[in-house]
There are 6 protein chains.
Amino acid sequence: YDLTIISGTAVGKVNGLAVMGSDSGSVLPIVAEVTPAQGASGTVIATGLLKEIAQESIKNVSAILKKFTGKDIRNIDIHVQFIGTYQGVEGDSASVSVATAVISAIEGIPVRQDVAMTGSLSVRGDVLPVGGVTYKIEAAAKAGIKKVFIPRSNAGDVLVEDRYREMIEIIPVSHIEEILEQALVPANRAGFLAKLKKLAEHAMIPPNQPITTEPGVV
Amino acid sequence: YDLTIISGTAVGKVNGLAVMGSDSGSVLPIVAEVTPAQGASGTVIATGLLKEIAQESIKNVSAILKKFTGKDIRNIDIHVQFIGTYQGVEGDSASVSVATAVISAIEGIPVRQDVAMTGSLSVRGDVLPVGGVTYKIEAAAKAGIKKVFIPRSNAGDVLVEDRYREMIEIIPVSHIEEILEQALVPANRAGFLAKLKKLAEHAMIPPNQPITTEPGVV
Amino acid sequence: YDLTIISGTAVGKVNGLAVMGSDSGSVLPIVAEVTPAQGASGTVIATGLLKEIAQESIKNVSAILKKFTGKDIRNIDIHVQFIGTYQGVEGDSASVSVATAVISAIEGIPVRQDVAMTGSLSVRGDVLPVGGVTYKIEAAAKAGIKKVFIPRSNAGDVLVEDRYREMIEIIPVSHIEEILEQALVPANRAGFLAKLKKLAEHAMIPPNQPITTEPGVV
Amino acid sequence: YDLTIISGTAVGKVNGLAVMGSDSGSVLPIVAEVTPAQGASGTVIATGLLKEIAQESIKNVSAILKKFTGKDIRNIDIHVQFIGTYQGVEGDSASVSVATAVISAIEGIPVRQDVAMTGSLSVRGDVLPVGGVTYKIEAAAKAGIKKVFIPRSNAGDVLVEDRYREMIEIIPVSHIEEILEQALVPANRAGFLAKLKKLAEHAMIPPNQPITTEPGVV
Amino acid sequence: YDLTIISGTAVGKVNGLAVMGSDSGSVLPIVAEVTPAQGASGTVIATGLLKEIAQESIKNVSAILKKFTGKDIRNIDIHVQFIGTYQGVEGDSASVSVATAVISAIEGIPVRQDVAMTGSLSVRGDVLPVGGVTYKIEAAAKAGIKKVFIPRSNAGDVLVEDRYREMIEIIPVSHIEEILEQALVPANRAGFLAKLKKLAEHAMIPPNQPITTEPGVV
Amino acid sequence: YDLTIISGTAVGKVNGLAVMGSDSGSVLPIVAEVTPAQGASGTVIATGLLKEIAQESIKNVSAILKKFTGKDIRNIDIHVQFIGTYQGVEGDSASVSVATAVISAIEGIPVRQDVAMTGSLSVRGDVLPVGGVTYKIEAAAKAGIKKVFIPRSNAGDVLVEDRYREMIEIIPVSHIEEILEQALVPANRAGFLAKLKKLAEHAMIPPNQPITTEPGVV
Ligand SMILES: [Ca+2]
Ligand SMILES: [Ca+2]
Ligand SMILES: [Ca+2]
Ligand SMILES: [Ca+2]
Ligand SMILES: [Ca+2]
Ligand SMILES: [Ca+2]
Ligand SMILES: [Ca+2]
Ligand SMILES: [Ca+2]
Ligand SMILES: [Ca+2]
Ligand SMILES: [Ca+2]
Ligand SMILES: [Ca+2]
Ligand SMILES: [Ca+2]
């Protein structure tokens, strides 16, 4: 039995990636749900024993959420759950996964479950580099994931064994907008793309054309 | 004298299950009550010396509560009490019990007292695996409980002695909706089932047909 | 000079019972007062160096208070004071005393001072077992108290010396409603009993007939 | 130069009494001021490095203040300052001094500076016993104070040397109302006494006639 | 280059005085700024690594500010900055400096930069004694300051070397009103004096005539 | 791949400067974003493992922000992110960078990316001295930065090697207004300068003419 889902789509669920110890990757499911606010104003509630850097990453992601959605964020509570992290979560490399899961939950747009992702985020949506990309990609491939998003600034760090290169497509990105465009499956694609374009204008780093790598090529 | 009630029904009370040390299970009564909010907005108040993971499990359960009930959660305080846990509570395996007790209290629907349950929860209502299922099932059987709900993902971990298998029915579930359907005794069953169906649509894991095991069969 | 009052009635004051060390009981006066709220909404303020379990017991009692009284709890502050506990208070056995003192203060109904009481509480008003009942009963008897309420689930733990059995009546109870009925002296008894009946309907444990023991008989 | 004022009257200032080490008393000036609330609702702000019991005593005193004054406590901040306690304040024996200083400040009624006082308080205004009364009385006498209020329950603990007995009048009291009546100097005495009478009705301990001792007599 | 300004006037800036170690004084610039409130109500924000007594001194000063100014304190945030105190600030001797800087900022009245000051404060505006006055006065003189305000109760502690006595005028004061009168340079002096007179009526210690010492004379 | 951008402009991004260990400088990107407030009122959220002095520097900067912008600060959340500081941030030398990034984000005015800056701030906008200016300037030069702003009070501390002097222009400043004037590229320059002039009037230190140094000259 395995909690990882690698096919179809799901609202509010993303396959993140983690490194355990220094040389072992794993798929880390992240689940988001949006509810009416219980307090006088909305709040973001993250669980999974997040340590200091991970808690700060949730605050950074919330900057993007408050900008992106047209919904009045004062009326909703956002729940973010890291599944199975009973030993705690360190680092901010799940930021892109959290952003994607929450935007999926708020907007009600399904996420493709055959993709995984890793990346830190600036408060303006830029995808920043992380550690352990090689181990993470191999873990995604072993789990049956077909595509993995990594920070463009980590493209040179990928030293994946040949047998994994053929199993998975590696997609370097520089802004969260590129991930959302490819991982979400909106009913109204035109309206969604217009929203993403607006989000991309907040980028700190000037946008490049996305470099889509074929399996085994970075 | 024993605080465990194993027959009839009660509003706001559920027989949870705990493991003490590494090889001993026990029935853990969980009681919920709903009151008018004392503060400017409603809050969830949990007692019983809950440690960090247990406190986070209450936050995760609250995501489901805020979604499920039609009542305005800003006007009520929700009290959750773990009975007799003077040494503290670790872990999140009581999540399904907390959710069931609180939904019973909010909706005023009685809970069957001849059932017990264990299971972690995602913020979307999925029942996630827990530890110690064998010891928990045996403790429920010894206490006279007739049915026990366990996570479907733990079905393979059940190594119950034959004498207990004949005493208790083991029901693997994958979503809280399945527990609510079987453990609550609503006056208006049709309306209740409609509400549950809506709740099930939030599932992270695609729904399966519930596998109802006869006593001694998983 | 002794702070314990053992005759007449007083609003907002109850003779609780405590165990010091492992074999010595004492009468523990608990005083409540209700005032206009100072903050934007009402709050419960408990003093007497309450440790963690004792602080949680105050939260559990507040569930009952918010249910019981018709007064808008958002407009009042409730003060609960443990008298003379300069070494701190552990445990939740004063819960029934706190509930009785506060309901007396909110409703303005006097409490009989010739009674003492001990008992934990569920958030639905059930009286739950405590430790040290024998030492507590003997301390009450020595202080000149005439009646003592104990949890029904502790009835089998009473090993009081004969000389004390003749001095004091021991009354096992299973719901706070039974204590309120016997310890409070309302001006309008009929209205008060109607309110209590409604409170009793929240019980987790099905109500039994109260077993009133004569002095020396449990 | 000495901060202690021992003659005339002052609004919002009271001569409290402290024990340092185990055998040395001193006069401890306590100053109160009332201002428009800065926050959304009023608050009590106490300074002077108050430790846990002393902080709780401020909460207990606030129960009396909220009851006593007709002024809307939600619109004012109450400042209480222990003067010169750079080593911290332990205990609750300054409670009567704090209550007297704050009521003086709220009502604008001067306090006699030739009196000193010591005593703990219940939330209903009862004066409860304290430690070190003998050392405190001697310190007050040495400082030139003419009258000292002590808890009636401490009357038997007074072992003052003869030379001090002739210098100071010792007045045991059982309710804060007795101190306010004798230490405050209201412009409208009739209205003030009516207010005090109402305050006295909250007493936990049935009121006795105040025993006014002549100098050297308890 | 030196941050200390010793001539002209500035709004919201005061030359405080500090002792480092046990025998070395220094000029400690304190800067205040008043802004529209960011939160629902106004707050006082103090920076410079203030330790416990220093933080309490800010609370005591705020009692005076809330009384003094006619402006609605609920609509403003008050920022107080101790400049250059990277090792932290202990004690409450900067209270008069903080009060003067903030009143200058709120009212928009310039402060004379050729003066320095030291003194603790009661919540009613009384100037209370501090330590290290001799070292502080000598530091002010060395920095080129022309006048220094000290607590009247410290007048007997001044043991300044002759060469400094000739450089600086020492002014003992007993109430903050005396400092404000001499250190601030209001456009409308008559209106300002009327406000100060009202402030002085809150004094705990009966006002004396200010003793203005000529340079070298205390 | 390098996160530092050294040409063009970007809204909400500034090249700050840091010292690592005692003798090594680096460019520290600081990113700001402004969003609709999530809570009842706006707040400033800073991430990057800021230690105590760095957290206080954010509070000091917020005094300037609340004064500067005409926008109602109660309706916005301000996010400030130190990029890549996984070992934590000590000190307040990034204050000018934070102020510049946030004002850029609030006003939507681009920042020149060929400049870097270092400097502490008073709550009135004065630029105060920092440590390590020589190492910071050399790091900026090595990164390809063309201009660097330093505190005027640090002008005498610059001991830059000749080869760096020719690569970078060093501009000492005494008020944040001077940095904003030169680093921001507003669409409406006249209106912007008028706003800056008003900001400069809050200066603690009387304004001097800005000394613009040519490359290699301080
Ligand atoms: Ca990840
Ligand atoms: Ca794109
Ligand atoms: Ca359980
Ligand atoms: Ca079903
Ligand atoms: Ca008790
Ligand atoms: Ca009954
Ligand atoms: Ca005292
Ligand atoms: Ca009287
Ligand atoms: Ca000073
Ligand atoms: Ca004067
Ligand atoms: Ca910097
Ligand atoms: Ca300029």
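Predicted model: local features only at pLDDT ≥ 70, side-chain atom pairs only at ≥ 80, totals over all residues.
**Exercise 1.** Decide whether C:Leu49 is buried or exposed.

*Solution.* First get the cut-off: buried means under 20% relative accessible area. Then check the residue: C:Leu49 has a relative accessible area of 12%, so it is buried.

**Exercise 2.** Now hop over to chain E and work out the setting of E:Leu49.

*Solution.* Begin with the location: E:Leu49 lies in the loop between β4 (44–47) and α1 (52–68) of chain E. Its phi is positive, near 55°, and this is a residue other than glycine. Finally, its relative accessibility is 12%, so E:Leu49 counts as buried.

**Exercise 3.** Which strands of chain D pair with β3(D)?

*Solution.* Take β2 (residues 13–20) of chain D to begin with: it pairs with β3(D) in the antiparallel sense, over eight bridges. In this pairing, D:Gly16 is opposite D:Leu28 of β3(D). The hairpin of β2(D) and β3(D) has three residues between the strands, and D:Gly21 there takes a positive phi near 60°. Then turn to β5 (residues 76–82) of chain D, which runs antiparallel to β3(D) and is joined to it by seven bridges. Here D:Val31 has D:Gln81 in β5(D) as its bridge partner.

**Exercise 4.** Why is β3 of chain D described as largely enclosed?

*Solution.* Count along residues 24–36: 10 of the 13 residues are buried, so the rest of the structure largely encloses this strand of chain D.

How values were computed
Residues numbered from 1 in each chain as written. Chains lettered and ligands numbered in written order. Heavy atoms only, no water. Buried < 20%, exposed > 50% of the residue type's maximum accessible area, 1.4 Å probe, protein only. Helix = DSSP H or I, 4+ residues; strand = E, 2+ residues; numbered from the N terminus. Pairing = 2+ DSSP bridges.
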